Amino acid sequence: VGTGRRDWVLKPGVETGCRAASRCPVVGGAFATRFWGSAITETITEMVTESIELYLVRHARAFDRDGAAWPDDSRRPLTHRGRDRFARLARRLGRGMPPVELLESSGFTRAWQTALLLHGEAGWPPPVRFEALESADPASIVGMRRSLAAMRGIRSVAWVGHEPQLG
């Protein structure tokens with residue numbers, strides 16, 4: 001988890017960087033990189049009391065920003081090549097790992113298209129919009145924390161979003 005000065009990475013069996021290990025257990029299977037501050041480390045580890053696999057997926061290759069073509073950047077789509085390459089990756093994920101139980105995505109076109117590819121090609125569940133993944137505001141971390149805290153009984157979840165939220 002990034003603080004802007006150094007990056008933290010959460011992986012099974014690796015200390016999270018919290019000062020008191022008893023307050024900050026390792027998040028089972030979770031991987032996070034370049035969030036907006038070390039507070040997310042403590043937040044995730046304190047709120048998740050059972051093991052959860054958290055997969056962070058940055059959207060596939062999208063067209064470059066172009067105010068003339070997409071005045072509303074949230075409508076900027078994937079390129080044809082980005083869609084094709086990610087579809088191949090999604091098929092490999094579908095063959096190589098168990099499907100996730102919950103697929104949450106930003107509602108921005110490029111992220112939603114990526115989530116639909118994971119649904120169609122990997123056999124993951126239909127995506128559900130998660131607005132916290134759309135915001136570059138550090139306050140959206142609160143929504144992410146609440147979402148994780150509410151995932152009682154879910155063993156695996158994937159979030160499809162953007163930089164800088166997902167790295």
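Colleague: Is Ser-106 buried or exposed?
Modeller: Keep in mind that this is a predicted model. The cut-off for buried is under 20% relative accessible area. Ser-106 has a relative accessible area of 0%, so the residue counts as buried.

Colleague: Which side chain makes a polar contact with the side chain of Ser-106?
Modeller: Leaving aside neighbours within four places in sequence, Ser-106 is in contact with residues including Trp-112, Phe-130, Glu-134 and Gly-161. The polar contact between side chains is at 2.7 Å, and the partner is His-162.

Colleague: In the open sheet of four strands, which are the edge strands?
Modeller: The order is β1-β4-β2-β3, and the pairing is parallel. An edge strand pairs on one side only, and that picks out β1 (53-58) and β3 (128-129).

Colleague: What is the bridge partner of Ser-105 in β3?
Modeller: β2 and β3 pair in the parallel sense, over two bridges. For Ser-105, the partner in β3 is Arg-129.

Colleague: At about what angle does α3 run to β2?
Modeller: Buried residues of α3 include Ala-111, Leu-117 and Leu-118, and their cover includes β1, α2 (80-96), β2 and β4. The helix α3 lies across β1, β2, β3 and β4 (156-161), and its angle to β2 is about 160°.

Colleague: Which residue follows α3?
Modeller: α3 has 14 residues and reaches 19 Å from first C-alpha to last, close to the expected 20 Å. After that comes a residue with a positive phi, near 80°: Gly-123.

Conventions
Residues numbered from 1 in each chain as written. Predicted model: local features only at pLDDT ≥ 70, side-chain atom pairs only at ≥ 80, totals over all residues. Heavy atoms only, no water. Buried < 20%, exposed > 50% of the residue type's maximum accessible area, 1.4 Å probe, protein only. Polar contact = N/O pair within 3.5 Å; in protein donor to acceptor, adjacent residues only side chain to side chain. Contact = heavy atoms within 4.5 Å. Pairing = 2+ DSSP bridges. Axes fitted to C-alpha atoms, helices over the stretch in contact; angles between N-to-C directions. Expected span 1.5 Å × (residues − 1).
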